[in-house]
Amino acid sequence: MARAIWSGAINFGLVTVPVELYSATEDHTVHFRQFERGTSDRIRYKRVNERTGEEVAYEDIVKGYDLGDGDYVLVEQEELDQIAPGRSRSIDIESFVDLGEIDPLYFQKSYWLAPTKEEFGRAYGLLRQAMADTNKAGIARFVMRGKEHIAAVRAGDGVLVLDTLLFAEDVRNPAKELKKLPEKAEPRGRELEMAVALVDSMADDWRPDDYHDQYNERVLKLIDDKKAGRTVTVEDEPAEPTKVVDLFEALSRSVERRKGSGGKDGSAAPKKSRKAAEPDLSELSKSELDKMARELDIKGRSKLNRADLEKAIRDARPARSRKRAS
């Protein structure tokens with residue numbers, strides 16, 4: 001069971017609700033150690049004086065703010081502690097805004113808020129339901145780990161969710177950061193109509209459980225294959241970019257392909273093999289194979305490469321047919 005990383009109270013108007021804060025996400029990235037090639041020697045990092053080359057003790061290190069041209073202002077940690085915001089114990093909601101007005105660019109990290117005791121559940125539930133009914137988010141300030149945060153408190157599935165937000169000064173201006181902003185190109189003929197039709201044909205419900213970190217899973221499979229001495233399978237190269245002259249044709253073919261499927265998610269209609277009524281797997285995209293594997297309930301499908309996925313689908317088809325016949 002997770003531990004609360006912060007405790008305090010939500011304040012909105014004259015209502016105060018004691019709450020605890022829990023991290024809603026975790027990192028599943030595969031982490032590596034560093035070794036010198038050809039040896040089993042670990043690579044270590046040391047804090048070294050660049051002039052003398054000698055290691056410096058942590059307590060002898062001070063921070064320096066770069067003024068440019070090699071000039072620095074040195075600051076002691078004690079000085080930073082003296083001006084840091086105190087360990088605030090309140091999430092003060094200053095206003096409520098429409099949730100849709102917050103650009104996703106500003107969302108940083110998500111947390112769950114829970115009442116500290118059962119007796120506070122009524123006020124907690126009232127706030128959650130009010131925000132759910134109005135689709136509003138409470139914009140608040142609070143201090144955690146010596147840093148002030150701006151946050152959006154919103155209604156989640158049976159629980160309040162707190163999303164820390166970036167400050168306006170943290171968000172870059174694309175006009176200043178990009179070499180050149182993309183020029184606004186007017187669609188030719190029916191290009192926009194076809195693009196909208198393609199988007200509509202691919203419309204689906206949001207199901208987060210359908211999406212996994214496939215690269216992370218491939219890294220784990222790579223490690224497992226190397227450990228077992230198996231051959232490492234190389235993934236397919238990405239598709240070539242569509243040329244401007246072929247754009248309308250590519251859109252038209254995409255729409256027709258989606259229409260032929262008849263499925264809710266608009267997956268492409270696979271071509272039929274001459275020898276059987278089943279689709280030719282070699283002509284399907286990886287996403288189409290993933291969808292078929294999901295429909296066949298193939299276990300561990302997210303970890304399979306294209307070749308293994310095709311084989312698993314072929315093996316699963318007769319089994320499903322026999323099951324239906326019985």
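Biologist: How many helices and strands?
Modeller: Eight helices and nine strands in the protein chain. Those are DSSP runs, numbered from the N terminus: helices are H or I with at least four residues, strands E with at least two. This is a predicted model, where local features need pLDDT of at least 70, side-chain atom pairs count only at pLDDT 80 or more, and totals for chains, interfaces and linings use all residues. Residues are numbered from 1 along each chain as its sequence is written, and side-chain values use heavy atoms, with hydrogens and water left out.

Biologist: What's the mean pLDDT?
Modeller: The chain averages 82, and 85% of its residues reach 70 or more. pLDDT is the predictor's confidence in each residue, from 0 to 100.

Biologist: Where does pLDDT stay under 50?
Modeller: Over residues 263-277, and again over 321-326. Contact means heavy atoms within 4.5 Å. Where pLDDT is low, the coordinates should not be read in detail.

Biologist: Switching to the core. Which residues touch the most other members of the largest nonpolar one?
Modeller: Ile10, Leu21, Ile91, Leu113, Phe142, Leu160 and Leu162, out of 22 residues. Such a core is a set of buried Ala, Val, Leu, Ile, Met, Phe, Trp, Tyr and Cys residues joined through side-chain atoms within 4.5 Å. Buried means under 20% relative accessible area, with a 1.4 Å probe and protein chains only.

Key:
Buried means under 20% relative accessible area, exposed over 50%, partly exposed in between (1.4 Å probe, protein chains only).
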